[in-house]
Amino acid sequence: MSEPGLVVVDVAVTDDVTALAFQQLLADRWATSPAQHTRRDVGEPRVRLCCYLDLRQPISPAVPR
């Protein structure tokens, strides 16, 4: 990204549920532009998800489980 504090997160995991859960963990802490779906590369056994974080925003406390 062209500004400090803006981050592109590109994750590759085994399934959609894991990818979207990971994205939600990020969104719970930072301002994020969420992806609406994952993508699968031809011939690859994983799915990919790309989202954008704004680390300039104050971090939110972790949600207790």
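This briefing covers the fold, the surface and the salt bridges of one protein. The model is predicted. The protein has 1 helix and 4 strands, which follow one another along the sequence as β-α-β-β-β. A search of the whole structure finds 4 salt bridges.

**Fold and contacts**
- The chain of 65 residues has 22% of them buried.

**Surface**

**A salt bridge between two strands**
- Side chains of opposite charge can pair when their charged atoms come close.
- Arg-39 and Asp-10 form a salt bridge through their side chains, at 4.0 Å from N to O.
- Arg-39 belongs to strand β3 (residues 39-40) and Asp-10 to strand β1 (residues 6-13), so this pair ties together parts that are 29 residues apart in sequence.
- Arg-39 is partly exposed at 40% relative accessibility, and Asp-10 is partly exposed at 39%.

**Other salt bridges**
- The side chains of Arg-46 and Glu-44 meet at 3.1 Å, N to O, in a salt bridge.
- Arg-46 is partly exposed, with 31% relative accessibility, and Glu-44 is partly exposed, with 32%.
- Asp-54 and Arg-56 also pair through their side chains in a salt bridge, with 2.8 Å from N to O.
- Asp-54 counts as buried because its relative accessible area of 13% is under 20%, whereas Arg-56 is partly exposed at 48%.
- Salt bridges with shared partners link Asp-10, Arg-39 and Arg-48 into one network.

Notes:
Residues are numbered from 1 along each chain as its sequence is written. This is a predicted model: local features need pLDDT of at least 70, side-chain atom pairs count only at pLDDT 80 or more; totals for chains, interfaces and linings use all residues. Side-chain values use heavy atoms; hydrogens and water are left out. Buried means under 20% relative accessible area, exposed over 50%, partly exposed in between (1.4 Å probe, protein chains only).
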